[in-house]
Amino acid sequence: MSDTFDIGLGNNFPEIREKADSDFISFWEQQAKNLHWFSPWERVLNWNPPFARWFEGGTINASYNALDVHQEQKSQKTAIFWEGENGDSKVLTYAELFESVKKLANVLVSLGVKKGDRVTIYLPMIPELPISMLACARIGATHTVIFSGFSATSIKDRVVDSHSKVIITADGGYRRGKVVPLKEIIDESISELDFIEHVLVVKRTNSEIQMNSVDSYYDELMEKSSAQHLAVSLESTHPLFILYTSGTTGKPKGVLHGTGGYLTHLYSTYKWAFDIKDSDVYFCTADIGWVTGHSYVVYAPLLHGATQVMYEGAPDFPDASRIWNILQKYHVSIFYTTPTALRMFMKFGDDIPNSFDLSKIRLLGSVGEPINPEVWRWYYRTIGKEKCPIIDTWWQTETGGMLISALPGIETIPLKPGSGTKPIPGIQMSVVDENGNDVKRGTKGYLIIRNQWPGMLQTLWGDDEKYKTVYWSKYENCYYPGDYALEDEDGYFWLLGRADDVLKVAGHRIGTAELESCIVSHTDVAESAVCGIADDVKGEVIISFVVLKQNTTKDTKSLESEIIQKIREDIGAIATPKEIHFVSKLPKTRSGKIMRRLLKAIASNEKIGDISTLEDGTAISEIQTAFDELQKSIKENSN
């Protein structure tokens, strides 16, 4: 299916997989012993389908495992190198982070926050964000972080659903040189809610804001607070956080994660995937408002006492060199980012990254969506200088942590551009047909997970029935993530797009990811997104939107012919798009996800709907114009 890269980096501990395969419950029990528990568990797994309770009876605290355990050996070690978009920077040691978390824990207790209460956090990527999460975890409050790009309406929905009585926000945040008025947005979102008791406001931009009766300045409360606080002993199954994921319809789903199982999963996968060492400087570009930020910016690195970089702003602001500048400045050795970001960097060419010293990098990672093979090769060649393994990780908000990834910390296996490789130890995964029967290797189907794992969601907040319906109803006692996939002859998994994004053309199923990867493999293409629109004859036809690399000199007519020829050769004539639109940018959320529903809406002449999380609104108008012009041209040529 693809070329392979065997660069001989990593460890070799085959017994880890052998133990996991023979008894996954005992295996995870051994992994849990890497954490600090106040009291041991009575039962490793209580499985009452589809509800799993891991390490039942054991007591633990996430904040204690992230901070207290390191104070003897690593108190003066850097925990976070923080880089603000506007040029501000800050270095926090483990001792300083510990002190701030204890102070905020005392502040929250003084405001009446108790174990089990929910606290909403709406902050930019500043140190106060992980501090707020860890302070909540320390006292047993359940944090619910809202990405700082969400609108007032989206925030209100989440605050009402979680019934948070305390909100932590900032006067504003920086994004592409502008101030995002976070406090103003919070004021609008809670104006009709009578259960909000306190709003804590961090001074980030020193913007003029209105202070209401429920408002207090974060810094003023912290100054008066004691730095003495003992972490609360909590049940392993105690709700650590709710993280809302947007569905295509209806209200957002509140994914609920517990404590002991989630931490066990993160501690293990971070060690296996990143082969983390005390000397590493780790940089994950994910916003903490998303699950990657929760799992692999806040909790996993701190569980290991790692040093990491945290960056506030856009990856290409004030120019396309920003990220490489950060990697050089902090001597980053592990870099974890998204295929979307990589495609953007790739569009700017090799000269920019090649002008920076990236020699400290020893390991690269990808997260968020399947990585196009051509982008993988660019990442490997240009950023990794053909010496770094690439871990291409697949997982979801609901899974808590990685479920598919290469794992240099425990094994060396050949890497295939575009494949996440194999499931992590202890995961029993299959590709099946509509009826739940395993398909032959090399055949496309639906991804399922047949057993339980410690990082899995406990339920959807306040909606057990929806939890059963969404994840467990399609295949009996199997978790269905909603992804289309293929397992090749070597047992490597290839993610082909969301099952609801699978294009059905004249009875044939085509994954969006495989088609987009084919288009991106053309030497002049930087990015592509495809969608399907209804067709009376074929059921669905394909529309493709293509972003070209900056140095392209060919005319679009020639490029269109070449792209179509490539699709026919690599996938088949059935996958030929009805229309190809060349645009300078695709509509993306601030987290980097391409908003395919907007493309589909434009192509189907439907109402676009909410675009409050969109990074750049000009992308939409440009795509609409390109589409309209092509439609006009088709009409004129047919007359």
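Before I start: I call a residue partly exposed when its relative accessible area falls between the buried cut-off, under 20%, and the exposed one, over 50%. I'm working from a predicted model here.

**Entry: Pro181**
I looked up Pro181 and found it in the loop between β10 (178–180) and α8 (182–190). Buried or exposed, or partly exposed? Its relative accessible area is 32%, so I put Pro181 down as partly exposed. I also checked Pro181 against Ile209, which is 28 residues away along the chain; their C-alpha atoms are 8.8 Å apart.

**Entry: the open sheet**
Next I traced the sheet of 7 strands. I read the order as β5-β4-β17-β16-β18-β19-β20, in an open sheet with mixed pairing. Which strands stand at the edges? I found β5 (89–93) and β20 (390–392) there; each has a single partner strand, so one side of each is left without a neighbour in the sheet. From one strand to the next, I get an average twist of 15°.

**Entry: the β5 end**
I then followed β5 to its partner. Strand β4 (residues 78–83) runs antiparallel to β5, and 5 bridges join the two. I noted Glu83 opposite Ser89 in β5. Helix α5 (residues 94–110) lies across β4 and β5, and I have it running at about 90° to β5.

**Entry: the β1–β2 hairpin**
Last, I went to β1 (residues 43–48) and β2 (residues 51–56), which pair antiparallel over 5 bridges. I see a hairpin joining β1 to β2 through 2 residues. What is the bridge partner of Arg43 in β2? I found Glu56 there.

Note on methods
Residues numbered from 1 in each chain as written. Predicted model: local features only at pLDDT ≥ 70, side-chain atom pairs only at ≥ 80, totals over all residues. Heavy atoms only, no water. Pairing = 2+ DSSP bridges. Helix = DSSP H or I, 4+ residues; strand = E, 2+ residues; numbered from the N terminus. Axes fitted to C-alpha atoms, helices over the stretch in contact; angles between N-to-C directions. Contact = heavy atoms within 4.5 Å. Buried < 20%, exposed > 50% of the residue type's maximum accessible area, 1.4 Å probe, protein only.
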